[in-house]
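Subject: Structure handover

Dear colleague,

Here is the structure, with its sequence, for you to take over. My notes on what was found follow below.

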Amino acid sequence: MSPCAPDTLISALSWRYATKVFDPSRKVSDADMKVLMQSLVLTPSSFGLQPYRFLVVTDPELKARLRGASWGQGQVTDCSHLVVFLARQAMTEADVDHYIRRIAQVRGDQPENLAAYRSMMVGTLVTGPRAATVPEWAARQAYIALGQFMASAALLGLDTCPMEGLDPKQYDEILGLNDTPFRTVVACPVGYRAEGDKYASLAKVRFPVEELVEQR
Ligand SMILES: Cc1cc2nc3c(=O)[nH]c(=O)nc-3n(C[C@H](O)[C@H](O)[C@H](O)COP(=O)(O)O)c2cc1C
């Protein structure tokens, strides 16, 4: 891996802003979308369990319906691709086994050799007291994916807007999620900023590093 130059990283992160107006005529290439999907897949998660799914919406009718459930925010329809971040609502033994089988497959191991790891995960998230907190726990993992997604997009020169300004229940209904183990937590349009978006040139409002980062 050749490290990214520090200037490149900081200029990409400074260039990124919560895009209010996308250029509806510009579409993100399949090649770039493939890279962004990889950035989602490569997200780290607790135990590695990946308790999330990512729905990529491009259908104009579906986008229009979702806009109605997003405080009317135009980014939903004008972006190139709308990524909806979904979090698992419960963990079952079958979910843990699915992951154990995947580890064994990828690493050429036997699932039986992973019995202790399996018991720890089941004891924590399926049968333990933390089972009740799975929706929140999974949502936190989804937000890590969101952060990684936005930073990756910026490094590719693509614009995004993290969006909590939406009604998750309406999203779940529109996207047909109610019969699945997943629910909407946040969305992120990706595409290209419109030339006239005045937010692009506003100075970033951040507290000084000394206020946010304490050295001990
Ligand atoms: C979790 C989250 C939810 C947000 N929801 C919205 C939203 O619904 N609509 C919007 O225009 N901006 C939304 N924002 C953007 C923030 O207002 C913005 O990131 C913040 O003001 C900092 O500005 P910058 O991202 O342009 O640097 C959201 C940001 C985050 C992190």
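A residue is called buried here if 20 or more other C-beta atoms lie within 10 Å of its own, with C-beta atoms placed from the backbone. By that cut-off, nine of the 10 residues of strand S4 (residues 182–191) are buried, so S4 is largely enclosed by the rest of the structure. Please keep in mind that this is a predicted model.

Overall layout. The protein has nine helices and four strands, and from the N terminus on its elements run α-α-β-α-α-β-α-α-α-β-α-β-α. Along the principal axes, the C-alpha trace spans about 60 × 45 × 35 Å. Of the 216 residues, 28% count as buried. Among contacts with a separation of 6 or more, 81% are between residues 24 or more positions apart.

The sheet. The four strands form an open sheet in the order S1-S2-S4-S3, with antiparallel pairing. Its edge strands are S1 (52–57) and S3, each of which pairs on one side only. Helix H7 (134–155) packs on this sheet and touches S1, S2, S3 and S4. The direction of H7 makes about 155 degrees with that of S2.

How is S4 joined to strand S2 (residues 81–88)? Eight bridges connect S2 and S4, which run antiparallel. Within this pairing, Leu86 has Thr184 of S4 as its bridge partner, and His81 stands opposite Val190 in S4. Strand S3 (residues 159–160) is also antiparallel to S4, with two bridges between them; Asp159 stands opposite Gly191 in S4.

The cores. Which residues have the most contacts inside the largest nonpolar core? They are Phe85, Ala142, Phe149, Ala187 and Cys188, in a core of 37 residues. Helix H2 (30–41), S2, H7 and S4 each supply at least two residues of this core. Its largest share, nine residues, comes from H7. Apart from this core lies another, of six residues, including Met91, Tyr99, Ile100 and Leu125. As a general point, nonpolar side chains in soluble globular proteins tend to be buried together.

Phe149 gives a local view of the packing. Leaving aside neighbours within four places in sequence, Phe149 is in contact with Leu36, Ser39, Leu40, Val83 and Cys188.

The ligand. The residues around the ligand are Tyr17, Ala18, Lys20, Gln73, Cys161, Pro162, Met163, Glu164, Gly165, Val186 and Lys204. By class, this shell has six nonpolar, two polar and three charged residues.

Where is Gln73 found? Gln73 is in the loop between helix H3 (60–68) and helix H4 (75–78). Is Gln73 buried or partly exposed? Gln73 has 18 C-beta neighbours inside 10 Å and therefore counts as partly exposed. Not counting residues up to four places away in sequence, Gln73 touches Arg67, Met163 and Gly165. Gln73 and Gly128 are 55 residues apart in sequence, and their C-alpha atoms are 40 Å apart in space.

Best regards

How values were computed:
Residues are numbered from 1 along each chain as its sequence is written. This is a predicted model: local features need pLDDT of at least 70, side-chain atom pairs count only at pLDDT 80 or more; totals for chains, interfaces and linings use all residues. A residue is near a molecule or strand if its C-beta atom, placed from the backbone, lies within 6 Å of it. Ala, Val, Leu, Ile, Met, Phe, Trp, Tyr, Cys and Pro count as nonpolar, Asp, Glu, Lys and Arg as charged, and the others, Gly among them, as polar. A residue is buried if 20 or more other C-beta atoms lie within 10 Å of its own, exposed if 12 or fewer, and partly exposed in between; C-beta atoms are placed from the backbone. Two strands pair if DSSP finds at least two bridges between them. A nonpolar core is a set of buried Ala, Val, Leu, Ile, Met, Phe, Trp, Tyr and Cys residues joined through C-beta atoms within 7 Å. Two residues are in contact if their C-beta atoms, placed from the backbone, lie within 7 Å. Axes are lines fitted to C-alpha atoms, for helices over the stretch in contact, and angles run from 0 to 180 degrees between N-to-C directions.
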